[in-house]
Amino acid sequence: MVRISIPTLPLTPPLPPSALTKLPLKEAAAYLNTFLVKGKGKTVILSGAGVSVDSGIRAYRGKEGHYSNPNYKPILYHELVEETPRGEMFRKRYWARSFLGYPPVRDARPNPTHVYVAALQLLGLAPNLITQNVDNLHPKARSLLLESIPRNGGRRPHTVPPIVELHGTLAKVHCLHAKHEQPRDEYQAQLAKMNPVWEEMALEAERTGVRPRTNPDGDVELSGVDFSSFTVPPCTICEGEGRKERVVKPNVVFFGETLNPKVKDESLDLIANASQLLVLGTSLATYSAYRLVKQAVEEEKPVLMITTGPTRADKLDKVDKMDKRAGDVLRAYLDELVKTNTGPEVEAIRRCLDMGIVTPPPEVEGPRAEG
Ligand SMILES: [Zn+2]
(Lines give C-alpha, C1' and ligand atoms only; values in the text may rest on other atoms or scores of the structure.)
Protein backbone atom coordinates (compact mmCIF):
# COMPACT_ATOMS: atom_id res chain seq x y z
CA MET A 1 0.00 0.00 0.00
CA VAL A 2 1.33 3.42 -0.95
CA ARG A 3 1.01 6.04 1.74
CA ILE A 4 2.32 9.52 1.41
CA SER A 5 1.31 10.93 4.74
CA ILE A 6 -0.66 9.79 7.74
CA PRO A 7 -3.14 12.37 8.99
CA THR A 8 -2.36 13.62 12.47
CA LEU A 9 -3.65 15.81 15.26
CA PRO A 10 -1.60 17.44 18.04
CA LEU A 11 -0.25 14.91 20.60
CA THR A 12 -1.37 14.72 24.22
CA PRO A 13 0.70 13.60 27.24
CA PRO A 14 0.35 9.99 28.56
CA LEU A 15 -2.26 9.24 31.25
CA PRO A 16 -2.67 6.55 33.90
CA PRO A 17 -5.09 3.81 32.71
CA SER A 18 -7.56 4.40 35.55
CA ALA A 19 -8.16 7.90 34.25
CA LEU A 20 -8.94 6.79 30.71
CA THR A 21 -12.57 5.90 31.29
CA LYS A 22 -13.26 9.24 33.01
CA LEU A 23 -11.95 11.30 30.11
CA PRO A 24 -14.53 13.52 28.42
CA LEU A 25 -15.11 12.44 24.81
CA LYS A 26 -12.92 15.15 23.30
CA GLU A 27 -9.94 14.21 25.47
CA ALA A 28 -10.62 10.52 24.87
CA ALA A 29 -10.42 11.23 21.14
CA ALA A 30 -7.16 13.12 21.64
CA TYR A 31 -5.79 10.15 23.58
CA LEU A 32 -6.76 7.82 20.74
CA ASN A 33 -5.01 10.16 18.31
CA THR A 34 -1.78 10.00 20.31
CA PHE A 35 -2.06 6.22 20.43
CA LEU A 36 -2.59 5.94 16.66
CA VAL A 37 0.24 8.34 15.82
CA LYS A 38 2.64 6.33 17.99
CA GLY A 39 1.57 3.22 16.09
CA LYS A 40 3.09 4.69 12.90
CA GLY A 41 0.54 2.99 10.67
CA LYS A 42 1.22 -0.44 12.14
CA THR A 43 -1.65 -0.55 14.62
CA VAL A 44 -3.82 -3.66 14.26
CA ILE A 45 -7.52 -3.48 15.19
CA LEU A 46 -9.32 -6.38 16.87
CA SER A 47 -13.12 -6.04 16.91
CA GLY A 48 -16.02 -8.02 18.34
CA ALA A 49 -19.79 -8.28 18.63
CA GLY A 50 -20.08 -4.93 20.44
CA VAL A 51 -19.34 -3.22 17.13
CA SER A 52 -22.31 -4.93 15.41
CA VAL A 53 -24.96 -4.47 18.11
CA ASP A 54 -26.05 -1.19 16.48
CA SER A 55 -26.79 -3.10 13.27
CA GLY A 56 -29.44 -5.16 15.01
CA ILE A 57 -27.15 -8.17 15.33
CA ARG A 58 -27.54 -9.76 18.71
CA ALA A 59 -24.46 -10.61 20.74
CA TYR A 60 -24.21 -14.08 22.22
CA ARG A 61 -23.04 -12.85 25.56
CA GLY A 62 -24.38 -10.19 27.85
CA LYS A 63 -22.49 -8.01 30.29
CA GLU A 64 -21.45 -10.85 32.58
CA GLY A 65 -20.34 -13.12 29.79
CA HIS A 66 -23.53 -15.22 29.89
CA TYR A 67 -25.67 -15.82 26.83
CA SER A 68 -27.93 -12.83 26.39
CA ASN A 69 -30.71 -15.32 25.70
CA PRO A 70 -30.51 -17.96 28.45
CA ASN A 71 -32.72 -20.41 26.52
CA TYR A 72 -30.48 -20.44 23.50
CA LYS A 73 -28.45 -23.58 23.03
CA PRO A 74 -26.12 -23.23 20.06
CA ILE A 75 -25.56 -26.28 17.90
CA LEU A 76 -22.15 -27.83 18.52
CA TYR A 77 -19.64 -28.68 15.81
CA HIS A 78 -19.54 -32.40 16.53
CA GLU A 79 -23.34 -32.57 16.33
CA LEU A 80 -23.43 -30.81 12.98
CA VAL A 81 -20.86 -33.06 11.30
CA GLU A 82 -21.90 -36.42 12.78
CA GLU A 83 -22.34 -38.96 9.92
CA THR A 84 -25.33 -40.64 11.56
CA PRO A 85 -29.14 -40.31 11.43
CA ARG A 86 -28.80 -38.22 14.60
CA GLY A 87 -26.32 -35.92 12.82
CA GLU A 88 -28.74 -35.73 9.90
CA MET A 89 -31.42 -34.45 12.28
CA PHE A 90 -29.06 -31.87 13.74
CA ARG A 91 -28.26 -30.64 10.22
CA LYS A 92 -31.95 -30.42 9.32
CA ARG A 93 -32.57 -28.42 12.49
CA TYR A 94 -29.59 -26.17 11.89
CA TRP A 95 -30.28 -25.42 8.21
CA ALA A 96 -34.03 -24.96 8.69
CA ARG A 97 -33.46 -22.40 11.42
CA SER A 98 -30.55 -20.83 9.62
CA PHE A 99 -32.60 -20.59 6.41
CA LEU A 100 -35.09 -18.35 8.22
CA GLY A 101 -32.45 -16.55 10.30
CA TYR A 102 -30.09 -15.63 7.49
CA PRO A 103 -32.01 -12.88 5.60
CA PRO A 104 -31.81 -10.28 8.41
CA VAL A 105 -28.06 -10.89 8.72
CA ARG A 106 -27.64 -10.80 4.92
CA ASP A 107 -29.57 -7.52 4.73
CA ALA A 108 -27.93 -5.90 7.76
CA ARG A 109 -26.31 -2.54 7.02
CA PRO A 110 -23.02 -1.34 8.47
CA ASN A 111 -23.54 0.96 11.42
CA PRO A 112 -21.51 4.12 12.13
CA THR A 113 -18.83 2.22 14.07
CA HIS A 114 -18.15 -0.06 11.08
CA VAL A 115 -17.71 3.06 8.94
CA TYR A 116 -15.31 4.63 11.46
CA VAL A 117 -13.22 1.46 11.65
CA ALA A 118 -13.07 1.36 7.84
CA ALA A 119 -11.91 4.99 7.96
CA LEU A 120 -8.96 4.10 10.20
CA GLN A 121 -8.07 1.33 7.75
CA LEU A 122 -8.35 3.53 4.69
CA LEU A 123 -6.29 6.35 6.23
CA GLY A 124 -3.48 3.89 6.86
CA LEU A 125 -3.68 4.55 10.59
CA ALA A 126 -4.64 0.92 11.25
CA PRO A 127 -4.84 -0.86 7.90
CA ASN A 128 -5.13 -4.36 9.33
CA LEU A 129 -8.32 -5.53 10.99
CA ILE A 130 -9.01 -8.81 12.75
CA THR A 131 -12.69 -9.33 13.59
CA GLN A 132 -14.53 -11.97 15.57
CA ASN A 133 -17.74 -11.04 13.76
CA VAL A 134 -19.15 -13.32 11.07
CA ASP A 135 -21.78 -10.84 9.82
CA ASN A 136 -19.80 -9.42 6.88
CA LEU A 137 -20.44 -5.85 8.07
CA HIS A 138 -16.82 -4.72 8.26
CA PRO A 139 -16.26 -5.71 4.60
CA LYS A 140 -19.51 -3.94 3.63
CA ALA A 141 -18.40 -0.73 5.38
CA ARG A 142 -14.99 -0.91 3.77
CA SER A 143 -16.59 -1.20 0.30
CA LEU A 144 -18.83 1.77 1.10
CA LEU A 145 -15.77 3.93 1.80
CA LEU A 146 -13.63 2.64 -1.06
CA GLU A 147 -16.43 3.23 -3.54
CA SER A 148 -16.73 6.84 -2.46
CA ILE A 149 -13.12 7.65 -3.41
CA PRO A 150 -12.97 9.02 -6.96
CA ARG A 151 -11.23 6.61 -9.33
CA ASN A 152 -7.88 7.79 -10.56
CA GLY A 153 -7.34 6.78 -14.18
CA GLY A 154 -9.75 3.87 -13.73
CA ARG A 155 -7.88 2.55 -10.70
CA ARG A 156 -8.71 3.15 -7.11
CA PRO A 157 -5.80 4.98 -5.51
CA HIS A 158 -5.56 2.76 -2.47
CA THR A 159 -6.00 -0.81 -1.49
CA VAL A 160 -6.73 -2.00 2.02
CA PRO A 161 -5.45 -5.39 3.20
CA PRO A 162 -8.07 -8.14 3.52
CA ILE A 163 -9.96 -8.33 6.79
CA VAL A 164 -9.09 -11.37 8.87
CA GLU A 165 -12.39 -12.95 9.95
CA LEU A 166 -11.23 -14.95 12.96
CA HIS A 167 -14.45 -16.95 13.29
CA GLY A 168 -15.23 -17.07 9.58
CA THR A 169 -18.10 -15.51 7.67
CA LEU A 170 -21.77 -16.26 7.08
CA ALA A 171 -21.39 -15.06 3.49
CA LYS A 172 -20.03 -18.44 2.35
CA VAL A 173 -20.64 -22.14 2.89
CA HIS A 174 -18.44 -25.16 2.20
CA CYS A 175 -18.76 -28.92 2.10
CA LEU A 176 -16.83 -30.96 4.61
CA HIS A 177 -15.86 -33.56 2.02
CA ALA A 178 -13.58 -31.35 -0.09
CA LYS A 179 -14.07 -27.84 1.30
CA HIS A 180 -15.80 -26.75 -1.92
CA GLU A 181 -16.81 -23.16 -1.31
CA GLN A 182 -20.05 -21.58 -2.43
CA PRO A 183 -21.61 -18.17 -1.74
CA ARG A 184 -24.24 -18.40 0.96
CA ASP A 185 -26.78 -16.59 -1.22
CA GLU A 186 -26.49 -19.37 -3.78
CA TYR A 187 -26.95 -22.07 -1.14
CA GLN A 188 -29.83 -20.10 0.35
CA ALA A 189 -31.53 -20.24 -3.08
CA GLN A 190 -31.03 -24.02 -3.16
CA LEU A 191 -32.51 -24.32 0.32
CA ALA A 192 -35.52 -22.27 -0.80
CA LYS A 193 -36.04 -24.36 -3.93
CA MET A 194 -35.98 -27.65 -2.04
CA ASN A 195 -38.16 -26.45 0.87
CA PRO A 196 -41.14 -24.55 -0.57
CA VAL A 197 -43.10 -24.65 2.70
CA TRP A 198 -40.23 -23.05 4.56
CA GLU A 199 -39.71 -20.57 1.74
CA GLU A 200 -43.33 -19.52 2.24
CA MET A 201 -42.60 -19.02 5.94
CA ALA A 202 -39.56 -16.90 5.07
CA LEU A 203 -41.53 -14.77 2.61
CA GLU A 204 -44.24 -14.29 5.22
CA ALA A 205 -41.61 -13.02 7.66
CA GLU A 206 -40.36 -10.57 5.00
CA ARG A 207 -43.91 -9.39 4.27
CA THR A 208 -45.02 -8.90 7.86
CA GLY A 209 -41.66 -7.80 9.23
CA VAL A 210 -42.25 -10.24 12.08
CA ARG A 211 -39.09 -12.20 12.10
CA PRO A 212 -38.19 -15.01 14.44
CA ARG A 213 -35.61 -14.15 17.09
CA THR A 214 -32.21 -14.23 15.40
CA ASN A 215 -28.90 -15.16 16.94
CA PRO A 216 -25.60 -13.83 15.54
CA ASP A 217 -24.81 -17.06 13.72
CA GLY A 218 -27.98 -16.64 11.68
CA ASP A 219 -29.77 -19.34 13.68
CA VAL A 220 -33.33 -18.64 14.85
CA GLU A 221 -35.47 -19.77 17.74
CA LEU A 222 -38.46 -21.89 16.74
CA SER A 223 -40.69 -24.00 18.92
CA GLY A 224 -43.22 -26.63 17.94
CA VAL A 225 -41.73 -26.97 14.46
CA ASP A 226 -40.91 -30.32 12.91
CA PHE A 227 -37.51 -30.12 11.29
CA SER A 228 -37.59 -33.66 9.90
CA SER A 229 -39.36 -32.50 6.73
CA PHE A 230 -36.56 -30.08 5.89
CA THR A 231 -34.30 -31.07 3.00
CA VAL A 232 -30.63 -30.14 3.21
CA PRO A 233 -29.19 -29.79 -0.30
CA PRO A 234 -25.90 -31.58 -0.98
CA CYS A 235 -22.73 -29.84 -2.16
CA THR A 236 -23.39 -29.22 -5.86
CA ILE A 237 -19.78 -29.88 -6.91
CA CYS A 238 -19.68 -33.19 -5.02
CA GLU A 239 -23.05 -34.08 -6.48
CA GLY A 240 -21.78 -33.31 -9.99
CA GLU A 241 -18.92 -35.71 -9.31
CA GLY A 242 -21.40 -38.42 -8.37
CA ARG A 243 -21.14 -38.14 -4.57
CA LYS A 244 -24.00 -37.34 -2.25
CA GLU A 245 -22.25 -35.35 0.43
CA ARG A 246 -24.82 -33.91 2.79
CA VAL A 247 -22.55 -32.10 5.19
CA VAL A 248 -22.47 -28.50 4.10
CA LYS A 249 -21.69 -25.92 6.75
CA PRO A 250 -21.39 -22.15 6.79
CA ASN A 251 -17.82 -20.82 6.87
CA VAL A 252 -18.18 -19.97 10.54
CA VAL A 253 -16.42 -21.53 13.50
CA PHE A 254 -18.93 -23.44 15.60
CA PHE A 255 -18.80 -23.99 19.32
CA GLY A 256 -16.42 -26.91 19.86
CA GLU A 257 -14.68 -26.37 16.52
CA THR A 258 -11.07 -25.23 16.20
CA LEU A 259 -10.11 -22.15 14.19
CA ASN A 260 -9.14 -22.55 10.56
CA PRO A 261 -5.32 -23.00 10.94
CA LYS A 262 -4.59 -20.56 8.10
CA VAL A 263 -6.74 -17.86 9.68
CA LYS A 264 -5.22 -18.55 13.10
CA ASP A 265 -1.69 -18.14 11.68
CA GLU A 266 -2.66 -14.98 9.80
CA SER A 267 -4.02 -13.41 12.96
CA LEU A 268 -0.96 -14.34 15.02
CA ASP A 269 1.35 -13.02 12.25
CA LEU A 270 -0.53 -9.74 12.14
CA ILE A 271 0.02 -9.27 15.87
CA ALA A 272 3.68 -10.29 15.53
CA ASN A 273 4.19 -7.65 12.82
CA ALA A 274 2.12 -4.94 14.50
CA SER A 275 3.48 -2.07 16.55
CA GLN A 276 0.39 -2.09 18.81
CA LEU A 277 -3.16 -3.31 19.18
CA LEU A 278 -6.46 -1.40 19.32
CA VAL A 279 -9.31 -3.55 20.69
CA LEU A 280 -12.87 -2.37 19.95
CA GLY A 281 -16.27 -3.58 21.21
CA THR A 282 -15.45 -6.97 22.65
CA SER A 283 -15.36 -8.72 26.00
CA LEU A 284 -12.73 -11.13 24.57
CA ALA A 285 -14.81 -14.01 25.86
CA THR A 286 -13.45 -16.35 23.19
CA TYR A 287 -9.93 -17.62 23.77
CA SER A 288 -8.98 -17.17 20.10
CA ALA A 289 -9.39 -13.40 20.50
CA TYR A 290 -8.00 -13.16 24.04
CA ARG A 291 -4.88 -15.03 22.90
CA LEU A 292 -4.10 -12.22 20.44
CA VAL A 293 -4.22 -9.61 23.21
CA LYS A 294 -2.04 -11.82 25.40
CA GLN A 295 0.46 -12.20 22.58
CA ALA A 296 0.64 -8.43 22.08
CA VAL A 297 1.21 -7.93 25.82
CA GLU A 298 3.91 -10.61 25.90
CA GLU A 299 5.63 -8.88 22.98
CA GLU A 300 5.47 -5.66 25.02
CA LYS A 301 3.27 -3.91 22.49
CA PRO A 302 0.89 -1.21 23.69
CA VAL A 303 -2.75 -2.34 23.83
CA LEU A 304 -5.68 0.08 24.04
CA MET A 305 -9.19 -1.32 24.55
CA ILE A 306 -12.28 0.78 23.94
CA THR A 307 -15.32 -1.23 24.96
CA THR A 308 -18.08 -1.25 27.55
CA GLY A 309 -18.36 -3.71 30.43
CA PRO A 310 -15.92 -6.24 31.87
CA THR A 311 -13.49 -8.10 29.61
CA ARG A 312 -11.27 -11.12 29.90
CA ALA A 313 -8.22 -8.84 29.55
CA ASP A 314 -9.11 -6.70 32.57
CA LYS A 315 -6.67 -8.70 34.69
CA LEU A 316 -3.77 -7.92 32.34
CA ASP A 317 -2.16 -4.84 33.85
CA LYS A 318 -0.33 -3.80 30.66
CA VAL A 319 -3.64 -3.25 28.85
CA ASP A 320 -5.11 0.28 28.79
CA LYS A 321 -8.86 0.24 28.92
CA MET A 322 -11.35 2.95 28.16
CA ASP A 323 -14.81 1.81 29.28
CA LYS A 324 -16.68 3.70 26.58
CA ARG A 325 -18.60 2.92 23.43
CA ALA A 326 -15.97 2.55 20.71
CA GLY A 327 -18.15 4.33 18.14
CA ASP A 328 -18.44 7.47 20.30
CA VAL A 329 -14.68 7.83 20.71
CA LEU A 330 -13.94 7.05 17.05
CA ARG A 331 -16.52 9.61 15.90
CA ALA A 332 -15.10 12.36 18.09
CA TYR A 333 -11.64 11.54 16.78
CA LEU A 334 -12.67 11.47 13.10
CA ASP A 335 -14.71 14.68 13.41
CA GLU A 336 -11.56 16.45 14.54
CA LEU A 337 -9.43 14.71 11.92
CA VAL A 338 -11.58 15.69 8.93
CA LYS A 339 -11.59 19.30 10.20
CA THR A 340 -7.81 19.57 10.12
CA ASN A 341 -6.75 17.32 7.22
CA THR A 342 -7.31 17.15 3.46
CA GLY A 343 -6.83 14.65 0.66
CA PRO A 344 -9.05 12.27 -1.33
CA GLU A 345 -9.33 9.72 1.52
CA VAL A 346 -10.17 12.39 4.08
CA GLU A 347 -12.78 13.84 1.69
CA ALA A 348 -14.27 10.36 1.18
CA ILE A 349 -14.42 9.81 4.93
CA ARG A 350 -16.05 13.19 5.48
CA ARG A 351 -18.74 12.19 2.98
CA CYS A 352 -19.23 8.77 4.60
CA LEU A 353 -19.21 9.69 8.30
CA ASP A 354 -23.01 9.71 8.51
CA MET A 355 -23.63 6.74 6.23
CA GLY A 356 -23.73 4.12 8.98
CA ILE A 357 -27.23 2.93 9.82
CA VAL A 358 -28.35 2.22 13.37
CA THR A 359 -30.84 -0.66 13.46
CA PRO A 360 -32.33 -1.70 16.80
CA PRO A 361 -32.32 -5.46 17.53
CA PRO A 362 -35.68 -7.17 16.82
CA GLU A 363 -36.36 -7.57 20.53
CA VAL A 364 -34.73 -5.65 23.34
CA GLU A 365 -33.95 -7.55 26.47
CA GLY A 366 -31.75 -6.46 29.35
CA PRO A 367 -28.59 -4.38 29.04
CA ARG A 368 -26.72 -3.69 25.84
CA ALA A 369 -24.88 -6.83 24.83
CA GLU A 370 -21.15 -6.92 24.18
CA GLY A 371 -19.36 -9.91 22.72
ZN1 LIG B 1 -18.17 -30.71 -2.14
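Predicted model: local features only at pLDDT ≥ 70, side-chain atom pairs only at ≥ 80, totals over all residues.
## Around Thr311

Contact here means heavy atoms within 4.5 Å of each other. If you skip the neighbours within four places in sequence, Thr311 touches Thr282, Ser283, Met305 and Lys321. As for where it sits, Thr311 belongs to the loop that runs between β8 (303–306) and β9 (319–322).

Is Thr311 buried or exposed? Its relative accessibility comes out at 10%, and because the cut-off for buried is under 20%, Thr311 counts as buried. One is the side chain of Asp314, joined to that of Thr311 by a polar contact of 2.7 Å. Another is the backbone nitrogen of Ala313, which lies 3.1 Å from a polar atom of the Thr311 side chain.

Reading across, the order is β3-β2-β1-β7-β8-β9, with parallel pairing. The edges belong to β3 (164–165) and β9, each of which pairs on one side only.

Inside that order, β7 (residues 276–280) sits next to β8. The two pair in the parallel sense over four bridges. Which residue of β8 is the bridge partner of Leu278? That would be Leu304.

## The β4–β6 pair

Now for an antiparallel pairing: β4 (residues 168–175) runs against β6, and five bridges link the two strands. At one spot, Val173 stands opposite Pro250 of β6.

How covered is β6? Mostly: this strand spans residues 248–252, and five of its five residues are buried.

## Helices α4 and α8

Over to the helices. α4 (residues 85–107) and α8 (residues 196–208) have axes that come within 10 Å and cross at roughly 30°. Since angles under 35 degrees count as roughly parallel, α4 is roughly parallel to α8. The crossing itself is right-handed.

Which residues make the contact? On the α4 side they are Ala96, Phe99, Leu100, Pro103 and Arg106. From α8 come Trp198, Glu199, Met201, Ala202 and Glu206.

Methods. Residues numbered from 1 in each chain as written. Heavy atoms only, no water. Buried < 20%, exposed > 50% of the residue type's maximum accessible area, 1.4 Å probe, protein only. Polar contact = N/O pair within 3.5 Å; in protein donor to acceptor, adjacent residues only side chain to side chain. Pairing = 2+ DSSP bridges. Axes fitted to C-alpha atoms, helices over the stretch in contact; angles between N-to-C directions. Parallel < 35°, antiparallel > 145°, perpendicular 65-115°, else oblique. Left-handed = near helix turned anticlockwise from the far one by under 90°.
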